[in-house]
Amino acid sequence: MTAMPQRSIVDRMRGAAMLDVATYEEVEADRSATGQAFVVVVIVAVCAGIGHLGAGVGGVIGGIISSIVGWLIWSGVTMLVGTKLFGGTADWGELLRTLGFAQSPGVLAILGLIPVLGLLVVFLVGIWQLVTGIVAIRQALDFTTGKAVLTAIVSWIVVMVVTMLILAPLGLGAAMLGGH
């Protein structure tokens with residue numbers, strides 16, 4: 001049996017954005033694709049930083065760091081929730097790869113620079129990323145779309161609660177929620 005040639009990162013990003021199940025299965029199985037998933041997370045963070053006009057260099061760097069940390073935590077929590085609570089089968093690396101590539105539509109957040117229309121584009125890209133994330137979870141954990149949606153919701157709640165518990169003592173919890 002011959003190994004299939006590895007597709008480029010751009011081809012994989014395109015496949016992930018187009019909800020191509022074969023792409024998610026490919027990156028899930030390809031342990032060498034974790035580095036590519038990391039690059040996707042960074043590219044998307046840079047595009048989002050540029051798209052949020054006025055973020056400045058510090059904002060872009062902060063966005064990249066928070067995107068990487070968020071990706072690591074989200075993948076770990078999703079793996080725990082999906083395997084322990086909903087009976088899925090995956091390891092952390094599989095979720096890192098699939099959820100990293102699921103962020104691919106986020107490159108379009110750079111269009112946030114467009115006056116008025118940019119906000120709509122960023123909103124739609126967020127919805128698109130939610131859908132790609134659910135497909136990534138479903139494929140990585142090898143279960144139904146319903147379980148993937150539940151896993152995404154429970155994982156998001158866990159991440160938000162933990163984040164608030166960490167930020168509250170620093171006086172940042174209210175700021176995160178838009179308070180003063």
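Helices (H or I, at least four residues) and strands (E, at least two) are taken here as DSSP runs, numbered from the N terminus. On that basis the protein chain reads α-α-α-α-α-α-α-α from the N terminus on, with 8 helices and 0 strands. The model is a predicted one, where local features need pLDDT of at least 70 and side-chain atom pairs count only at pLDDT 80 or more, while totals for chains, interfaces and linings use all residues. Residues are numbered from 1 along each chain as its sequence is written, and side-chain values use heavy atoms, with hydrogens and water left out.

Now for the chain as a whole. Of its 180 residues, 39% are buried; buried means under 20% relative accessible area, exposed means over 50%, and partly exposed lies in between (1.4 Å probe, protein chains only).

Helix α6 covers residues 117-141, which makes 25 residues. Its span from first C-alpha to last is 36 Å, close to the 36 Å expected at 1.5 Å a residue, where the expected figure is 1.5 Å times one less than the number of residues. Buried residues in α6 include Gly118, Val121 and Val125, along with a run from Thr132 through Gly133, Ile134, Val135 and Ala136 to Ile137. The buried residues of this helix pack against α1 (9-17), α2 (21-29), α4, α5 (92-102) and α7 (145-167). Just past the end of α6, Asp142 has a positive phi of about 55 degrees.

Helix α1 buries Arg12, Met13, Gly15, Ala16 and Ala17, and its buried residues pack against α2, α3, α5 and α6.

Searching the whole structure turns up 1 aromatic pair. Phe38 and Trp71 form it, tilted, at 6.2 Å centre to centre and with 50 degrees between the planes. Rings of Phe, Tyr and Trp (its six-membered ring) pair if their centres lie within 6.5 Å, and planes under 30 degrees apart count as stacked, over 60 as edge-to-face and the rest as tilted. The pair links distant parts of the chain, with Phe38 in helix α3 (residues 34-51) and Trp71 in helix α4 (residues 56-85), 33 residues apart. Phe38 counts as partly exposed because its relative accessibility is 36%, whereas Trp71, at 4%, is buried.

Note on methods: Contact = heavy atoms within 4.5 Å.
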